[in-house]
Amino acid sequence: MAYQNNIASRIISSENITSTGTSAQSGSAPFGATIARIATSANVNIVIGPNPTATAAGTLIEPADASYFVVKPASSVGGTDGEKIASIGTATVNVTWLEG
């Protein structure tokens, strides 16, 4: 579920996904990250989950402004069991993991 984030959040880490005509995944949400901020250079569709595959039926993200989503983080420091973001479309997608 996307929501407007009017409260300051601590940045844990950030990464870029190079999204093309096929689904591309982010790394897993790190320990302590409960919010993903997603910004993109062009229209993309995203899916969030433990091993997501993005399709055109996913949530549309437009480049006009960033979107925020609640995510499940890794269960321990250095863990890789947190949720991931998958995107499809031709764009650079920035995922910033936030503590909220």
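**Close-up 1. Surroundings of T40 in the predicted model.** Setting aside residues up to four places away in sequence, T40 touches I61, E62, P63, A91, T92 and V93, where contact means heavy atoms within 4.5 Å. T40 belongs to strand β4, which covers residues 35–40; helices (H or I, at least four residues) and strands (E, at least two) are DSSP runs, numbered from the N terminus. A polar atom of the T40 side chain lies 2.7 Å from the backbone oxygen of A42.

This is a predicted model, in which local features need pLDDT of at least 70 and side-chain atom pairs count only at pLDDT 80 or more, while totals for chains, interfaces and linings use all residues. Residues are numbered from 1 along each chain as its sequence is written, and side-chain values use heavy atoms, with hydrogens and water left out.

**Close-up 2. S67 in strand β7.** S67 lies in the strand formed by residues 67–70, and S67 is buried, its relative accessible area being 18%. Apart from neighbours within four places in sequence, S67 is in contact with A36, R37, I38 and I61.

**Close-up 3. The open four-stranded sheet.** The strands follow the order β3-β8-β5-β6 with antiparallel pairing, and two strands pair if DSSP finds at least two bridges between them. At the edges are β3 (24–25) and β6 (59–61), each of which pairs on one side only. Strands β5 (residues 44–49) and β8 (residues 84–88) are joined in the antiparallel sense over five bridges, and I46 stands opposite S87 in β8.

Conventions. Polar contact = N/O pair within 3.5 Å; in protein donor to acceptor, adjacent residues only side chain to side chain. Buried < 20%, exposed > 50% of the residue type's maximum accessible area, 1.4 Å probe, protein only.
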